[in-house]
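Hello,

Please find the structure below. My notes on the ligand site and the aromatic rings follow it.

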Amino acid sequence: MNVLKKSIRLNNGVKIPFLALGTWQIDNDTVVQVVKDAYEVGYRHFDSAVDYQNEEGVGRALRELKVARKNIFITTKVPAHIKSFDETKDVINQSLQKLNLNYIDLLLIHAPAPWNEMNPNRKLYFEENVAVWKAMEEFVKIGKVRAIGISNFNKNDIKNILDHCEIRPTVNQIPSFIGYVETETIKFCHDNDILVEAYSPVATGRLLKSNILIEMAKKYGVSVAQLCIRFDYQLGLLPIPKSVHKEYIKENSEIDFIISRKDMEALLKLNQKDLF
Ligand code: NAP
């Protein structure tokens with residue numbers, strides 16, 4: 001089955017298309033055509049963020065395409081440095097304005113701490129993340145956001161939200177690619193009915209030149225990008241590949257093949273030093 005036809009229900013009942021187009025590092029003007037190309041290919045789910053500075057372009061593409069709003073799924077993210085209730089409300093209102101939409105389908109906290117503090121000894125920001133979450137919950141209650149979630153959260157960050165939330169997180173968006181899989185976080189999310197989205201499935205392009213992957217992709221008659229995206233898919237994760245090229249955007253949605261159990265095991269054992 002073509003992955004573009006697949007959608008699943010989040011833990012709040014909202015339907016989410018199971019492949020998203022990533023839009024990081026695509027500027028506001030370029031993203032208009034890229035979203036239109038992806039729509040033509042069959043993508044219905046677009047992953048943006050305040051930090052990508054392209055929400056306006058994503059919204060413009062949807063308006064120019066004249067698609068029914070209900071047939072499109074838009075994700076955006078509260079920036080990692082926004083850690084208070086009031087600032088969160090402001091930034092969500094700005095996103096709604098920039099996207100020029102009446103509602104956002106999925107809204108995520110981009111990271112548990114500001115980017116420049118994201119290291120293993122970071123401050124936890126537990127209270128602050130709960131304050132951000134409370135503001136996001138308000139937008140769900142007034143119908144301006146359909147689902148809320150988190151990104152780059154580990155098990156303890158998620159537990160903090162679960163312990164204090166009224167509305168449970170639906171999604172955790174984390175990096176996941178061959179050579180880097182957060183097995184513990186993924187298991188915790190799945191055990192708690194939180195969908196895991198795999199960002200950077202091709203490691204932002206770094207996996208494309210790996211000889212090991214080139215060889216394995218040849219065996220399946222697919223490209224390295226397709227092998228990488230299928231790998232995440234077989235882990236039960238929703239892949240978010242990014243490309244600005246229509247032929248790659250299409251190729252990345254053609255993952256209707258099966259990586260054998262033996263090869264999945266071999267891929268799971270690879271480290272980044274084997275690949276880059
Ligand atoms: P990615 O999807 O892992 O890789 C993108 C790179 O691979 C681009 O250079 C692209 O080139 C190239 N590429 C993609 N498909 C290809 C193909 N079939 N053949 C050849 N080259 C191909 O990169 P990513 O942007 O890091 O991650 C994807 C998305 O995840 C982001 O765009 C964003 O939406 C999300 N993300 C979220 C976070 C977060 O903190 N939540 C962090 C990072 C990413 P071209 O564009 O030149 O075609």
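How far is a nitrogen atom of the ligand from an N or O atom in the side chain of Gln173? The distance is 2.9 Å, which falls under polar contacts (pairs of N or O atoms within 3.5 Å). Taken alone, the ligand exposes 910 Å², and the protein buries 89% of that (Shrake-Rupley areas, 1.4 Å probe). An oxygen atom of the ligand lies 2.8 Å from a polar backbone atom of Val202, and a polar side-chain atom of Thr204 is 2.7 Å from an oxygen atom of the ligand. The ligand is surrounded by 29 residues, the closest being Asp47, Ser200, Thr204, Ser243 and His245 (a residue counts if one of its heavy atoms lies within 4 Å).

On provenance: this is a predicted model, where local features need pLDDT of at least 70 and side-chain atom pairs pLDDT 80 or more, while totals for chains, interfaces and linings use all residues. Residues are numbered from 1 along each chain as its sequence is written, and side-chain values use heavy atoms, without hydrogens and water.

There are 4 aromatic pairs (ring centres of Phe, Tyr or the six-membered ring of Trp within 6.5 Å; planes under 30 degrees apart are stacked, over 60 edge-to-face, the rest tilted). Tyr220 and Phe257 make a tilted pair, 5.9 Å centre to centre with 45 degrees between the planes. Phe257 is buried at 12% relative accessibility (buried means under 20%, 1.4 Å probe, protein chains only). Phe177, Tyr180 and Phe276 form one aromatic cluster.

Regards

Terms used: Buried means under 20% relative accessible area, exposed over 50%, partly exposed in between (1.4 Å probe, protein chains only). A polar contact is a pair of N or O atoms within 3.5 Å; within protein, one must be able to donate a hydrogen and the other to accept it, and residues adjacent in sequence count only if both atoms are side-chain atoms.
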